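The following note sets out points on the attached model, arranged for review alongside the coordinates. Please read each point with the structure open.

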Amino acid sequence: MKRATKRSAAADDEATKGGGALVVFALLFASVVVLGGEPPQDDERFVVIKAGRIITNAGKEIRDGVIVLSGGKIRNVGTGIEYPVNAQVIDAHNRTVMPGLIDPSTRIGLPGYQRTGVHGDWSAASEDFIPPVVREDILDAGYTALALVPAGVGIPGRAIVVRTAGPTDERVLVSPAYLRVTPDKRVFRDALEKAQQEIERIDKARQEFEKKQQEQKPSTQAASQPGSQPASQPAFQPPAIDPPHQVLVDLIQKKPDVFALLELNNASDYVQMSDVLTKFDIAHHFLARNGWESDLSYVVARMGEEKAQIILQPIISRVPASVERIHLVRMFAQAGCEVSLTPVSDSPREFRELLGRVANLVREGWSREAALKAVTLNPAHLLGLDKRLGSIEKDKDADLIFLDGDPLDPRARVREVMILGEIVHRAEVPE
Amino acid sequence: MTALRVFLVSVVLLTGAVALAQPASQPATGPATQPVMQPVSQSASAPTTTRAAGQPTTTATTTTTTTTPAAKEKDRFLAVIGGRVHTVTGPVLEHVTVLSKNGVITALGPEVVLPPDCEVVDATGLEVYPGLIAALAGGIHGATHPQDTTNVYGLNMLVALAGGITTALAGNDVAKLTFGRVEDMVLKPAAYVSLNYSTHKPLERAQLRADLERVRTYLRELQKYEREKATNKDAKPPEKDWLKEKYENYRKLLTHEAIAATGAQDTHELRDIADLAAAYDFGVVVRGAYEGWTVAPILGRAGVRAVVTPREDHEPDERANRPTGSTIENARILRDAGVILAIVPQTATVTLWGLAGRDLLQLNLEAAFAVRGGLSNEDALRAITIDAARVLGVDDRVGSLEVDKDADLVVCDGDLLHYMTLVRYTIVNGRVAYDKAQESLYAHIRPTGERTVPQFDDQWPRRLEWPRLGDDK
């Protein structure tokens with residue numbers, strides 16, 4: 001067995017300095033790579049990103065740091081980290097590396113259609129057919145994951161969380177994901193009441209079944225001979241639940257990994273939806289379309305008390321019927337909400353402009369750190385993917401974007417997009 | 001809520017001892033919450049108002065159900081102190097405190113001890129009125145199921161609150177302007193049975209009469225059966241399978257469980273509906289009634305209630321050999337004939353465009369125009385408070401300031417019927433729903449409530465006073 005050859009990152013820096021634009025090359029093909037003494041696998045080639053700047057979303061930003069990847073996952077991040085000599089090194093000394101952007105609710109590239117009523121059994125899973133042109137736009141904007149929602153009003157169905165690129169079998173992150181609920185109090189309440197009736201119906205059927213079992217027991221005991229095997233008890237077969245209401249039954253019964261995303265168009269919608277939530281305690285987060293004119297400031301304090309997770313648009317809004325500008329995003333964040341941001345509309349242009357709008361929010365008085373988390377880590381948390389996405393930390397997926405400047409600098413743009421350790425998109429920038 | 005209620009009685013008030021406490025049978029909420037003045041005596045506090053003992057039980061049950069969850073939480077107190085209180089059903093009281101607990105007035109008097117965690121609205125030097133009631137309204141609440149469809153932070157509701165309105169008709173329900181809240185919004189669902197008795201549709205009129213006759217016959221047979229069933233075993237109750245939908249509504253009308261509402265404008269329509277109401281003995285509210293002054297005694301005798309607009313303008317019909325057309329005296333003449341009046345503006349909605357002063361924002365000014373037509377100030381005020389509540393059938397809960405009524409108040413900086421008066425606070429269900437200083441609507445207009453007309457030295461149109469460039473050099 002050969003001894004493992006290790007080189008320091010500092011030494012490597014010396015070797016690759018002056019490489020110009022992004023240069024990808026393999027250093028060595030060693031027959032044995034030792035990290036923890038394990039024999040190597042062919043697919044466990046290490047990839048090392050040597051970045052000029054790393055925005056980890058977990059602690060301080062790192063200057064001239066190294067991200068070690070293998071198997072599409074981040075294995076280590078920091079400065080002066082040792083890595084195997086045969087690792088593939090990506091020189092990104094003139095890049096800022098940050099986690100890929102995540103949109104927690106969109107229908108970009110998908111056709112709209114009319115649907116009303118309750119369709120809890122529907123999902124956007126059958127709709128992941130974003131046209132390639134739009135997909136390029138999304139990648140160009142720096143997005144690595146999207147939650148695609150079904151169209152319609154009422155309860156149109158469940159979302160699906162997908163990567164924007166990468167291997168087909170790794171494309172789907174969550175399916176089905178959250179239940180989309182548009183601001184229609186009566187549809188929402190009626191659906192939950194129907195689900196409650198379904199639960200009661202099943203409970204009643206179970207009680208009747210058990211009662212019947214109790215009644216049958218003495219007779220079966222009498223009939224069975226001593227020593228013989230007792231007749232196997234037939235298991236209770238619950239009556240079928242109305243499929244569109246199954247997910248609502250799950251919500252009422254507090255099943256894990258399912259929540260409702262309640263959309264709000266104005267402050268009143270929050271009051272109306274909260275009225276339903278006082279009767280039905282279900283897992284939920286919010287999407288508030290704050291828009292250019294919004295009265296949501298009325299409910300900032302109440303939602304802050306609730307520690308709500310809320311998706312907002314990166315806009316400085318105006319108080320209705322006035323010229324007063326309000327920074328709703330900051331207000332929600334300071335009140336105690338965990339804020340995620342989504343583009344203003346489902347157009348490629350707004351996707352491209354997202355970082356610019358986020359920069360505007362920072363310029364108007366919001367912390368840069370919070371703003372960057374609101375497009376990466378917070379949406380990942382909201383979608384239940386914060387163990388895998390949203391920050392550059394050990395054991396997270398290597399879904400990263402490489403910018404040629406600060407993400408909030410209007411001159412900077414996303415140059416490369418990496419999904420699961422592979423560069424899947426390069427921006428064509430004239431030199 | 002106990003059934004026993006103490007009322008504000010004029011006898012009590014004349015003595016100057018105006019504080020009325022809860023009767024001893026009510027659960028004590030702690031010594032601090034008890035007003036210092038004790039009720040004068042049970043005999044003196046016997047009900048003298050129009051509130052009948054047999055009020056529909058529906059309102060009573062609503063009260064209990066809505067206050068039950070609040071009772072579990074901490075009690076909520078709000079006091080309006082130091083104001084000049086217009087009780088409407090009683091006298092005007094100087095420097096008194098109105099104390100409310102969980103949205104219901106519990107004490108009203110000069111020496112009320114406030115509980116420790118009481119929200120206080122200082123009305124010193126201001127006028128306190130019961131919340132205004134819009135007997136006809138649209139656009140403030142959602143049209144159907146107001147508790148589910150209302151934009152509780154909507155600009156319409158805010159503007160209406162700024163006009164002092166606390167209760168309004170919402171579709172066919174009576175609902176409060178609970179800004180930012182949905183609980184305790186609906187005061188009375190299904191306020192009216194809508195009737196169409198237009199002179200232009202003789203067939204529909206005939207149908208309505210036939211339907212009413214059928215229901216009346218049924219009710220008489222039912223009565224007969226109730227009488228006979230004790231003695232006669234063969235007695236059978238009348239067939240009632242058909243008694244649903246419109247017939248059920250008519251049954252409620254004839255048994256006084258509901259009141260009818262109809263649009264009736266001219267002399268003929270008004271006289272015909274009054275005749276119908278008298279013939280079948282049901283309560284009816286007529287809307288419009290601009291020729292009501294021509295048949296006022298008939299309407300008064302038939303017990304018709306009217307929703308009128310003093311400023312409504314209709315030319316007289318020159319061909320008719322009788323008095324026709326509208327007059328600003330309409331409200332006064334109807335009131336003199338004993339018709340219970342509610343006054344509404346020409347546009348019974350909130351319009352944020354168009355002609356100023358003709359929508360619900362100026363409900364008080366419309367009442368002032370009735371004063372111009374000869375109505376007394378007191379009756380004009382009644383027509384937008386207690387009488388409007390009677391027209392809507394909610395006078396057991398709102399419309400005047402009395403102990404055990406809902407804490408819906410308007411605090412304004414002058415006489416409510418004066419054109420310069422602006423609302424300072426509007427309180428709905430014991431919560432401040434509108435505060436002039438906090439909302440951008442009128443905060444800048446006479447912020448200290450001064451009653452002088454501002455003089456401007458510049459010409460119309462007035463320019464906003466922007467600092468000119470170079471002034472700071």
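**Notes on the model**

1. Helices H5(B) and H7(B) are roughly parallel to each other (the class for angles under 35 degrees, with over 145 roughly antiparallel, 65 to 115 roughly perpendicular and the rest oblique). Helix H5 of chain B covers residues 202–228, and it packs against H7(B) at an angle of about 15° with the axes 11 Å apart. Axes here are lines fitted to C-alpha atoms, for helices over the stretch in contact, and angles run from 0 to 180 degrees between N-to-C directions. The crossing of H5(B) and H7(B) is right-handed, a crossing being right-handed if the near helix is turned clockwise from the far one by less than a right angle and left-handed if anticlockwise. Helices (H or I, at least four residues) and strands (E, at least two) are DSSP runs, numbered from the N terminus.

2. On conventions, this is a predicted model, in which local features need pLDDT of at least 70 and side-chain atom pairs count only at pLDDT 80 or more, while totals for chains, interfaces and linings use all residues. Residues are numbered from 1 along each chain as its sequence is written, chains are lettered from A and ligands numbered from 1 in the order in which they are written, and side-chain values use heavy atoms, with hydrogens and water left out.

3. H5(B) also packs against H6(B): their axes come within 9 Å and cross at roughly 65°. That makes H5(B) roughly perpendicular to H6(B). This crossing of H5(B) and H6(B) is right-handed.

4. Two residues of chain B deserve a check of their backbone. B:His256, although not a glycine, has a positive phi of about 65°; its place is the loop between helix H6 (246–254) and strand E11 (259–264). B:Asp281, also a residue other than glycine, has a positive phi near 55° and lies in the loop between helix H7 (267–280) and strand E12 (284–288).

5. Within helix H7 of chain B lies B:His268, which is partly exposed at 35% relative accessibility. B:His268 and B:Gly83 are 185 residues apart in sequence and 47 Å apart in space, C-alpha to C-alpha.

6. In chain A, helix H4 (residues 243–252) is largely enclosed by the rest of the structure, because eight of its ten residues are buried. Among them are A:His245, A:Val247, A:Leu248 and A:Asp250. H4(A) is followed by A:Lys254, whose phi is positive, near 60°.

7. A cis peptide bond, with omega about -10°, joins A:Ser175 and A:Pro176. A:Pro176 is found in the loop between strands E12 (172–174) and E13 (179–181) of chain A.

8. How many cavities of 30 Å³ or more does the structure hold? There are four. A cavity is a set of points, on a 1 Å grid over the protein atoms alone, where a 1.4 Å probe fits but cannot get out; lining residues have an atom within 4 Å of a point. The second largest cavity has a volume of about 50 Å³, a volume being the space filled by probe spheres set on the points, which are joined across faces, edges and corners. Its lining includes A:Pro99, A:Ile102, A:Thr144, A:Asp397 and A:Asp399.

How values were computed. On a 1 Å grid over the protein atoms alone, a cavity is a set of points where a 1.4 Å probe fits but cannot get out, and a pocket is an open set with protein on both sides within 12 Å along at least five of seven lines; lining residues have an atom within 4 Å of a point. Buried means under 20% relative accessible area, exposed over 50%, partly exposed in between (1.4 Å probe, protein chains only).
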